[in-house]
Amino acid sequence: MEFLEIGGSEPFRSYSDTYLSKGLLLIFVVDSADHRRLPEAKKYLHQLISANPVLPLVVFANKQDLETAYHITDIHEALALSEVGNDRKMFLFGTHVTKNGSEIPSTMQDAKDLIAQLAADVQ
């Protein structure tokens, strides 16, 4: 299985249309503690998913370990995930990186298994 990462910052956004049409699923990572940029993330996410109404979507609400992070339900609301469409498989995971990076949180293992299954279902 091959993965392609396209950065979300402005200079890289023009590439998303080229590659998204060839993708099996969309993995969208958002910084849960960066409240100021959540409206921008919401806008960009909805632009991405509007091009393909059935592309499975996995959202990682990263940095859940920080005190300033929005709770997972707040991320769901801030990104308007209830509006992604009834025909789309959509999953939201709260994530964080461990301090030394040696431990993989169970949530990430669950997400890895889900992503592998979604990709296998589409192929």
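1. Buried means under 20% relative accessible area, exposed means over 50%, and partly exposed is in between (1.4 Å probe, protein chains only). Keep that handy for Ala120: with a relative accessible area of 44%, Ala120 is partly exposed.

2. A word on what you're looking at. This is a predicted model, where local features need pLDDT of at least 70 and side-chain atom pairs count only at pLDDT 80 or more, while totals for chains, interfaces and linings use all residues. Residues are numbered from 1 along each chain as its sequence is written, and side-chain values use heavy atoms, with hydrogens and water left out.

3. Now the overall layout. The protein has four helices and three strands (DSSP runs numbered from the N terminus: H or I of at least four residues for helices, E of at least two for strands). Read from the N terminus, the order is α-β-α-β-α-β-α. Of its 123 residues, 30% count as buried.

4. Back to Ala120, which sits in helix α4 (residues 106-122). Ala120 and Leu24 are 96 residues apart in sequence, yet their C-alpha atoms are 9.0 Å apart in space.

5. Is Ser32 buried or exposed? Ser32 is buried, since its relative accessible area is 0%. You'll find Ser32 in the loop between β1 (26-31) and α2 (38-50).

6. What touches Ser32, leaving aside its neighbours within four places in sequence? Ser32 is in contact (heavy atoms within 4.5 Å) with Ala61, Asn62, Gln64, Thr68, Ala69, Tyr70 and Ile75. For Asn62, a polar atom of the Ser32 side chain lies 2.8 Å from the backbone oxygen.

Definitions and conventions:
Polar contact = N/O pair within 3.5 Å; in protein donor to acceptor, adjacent residues only side chain to side chain.
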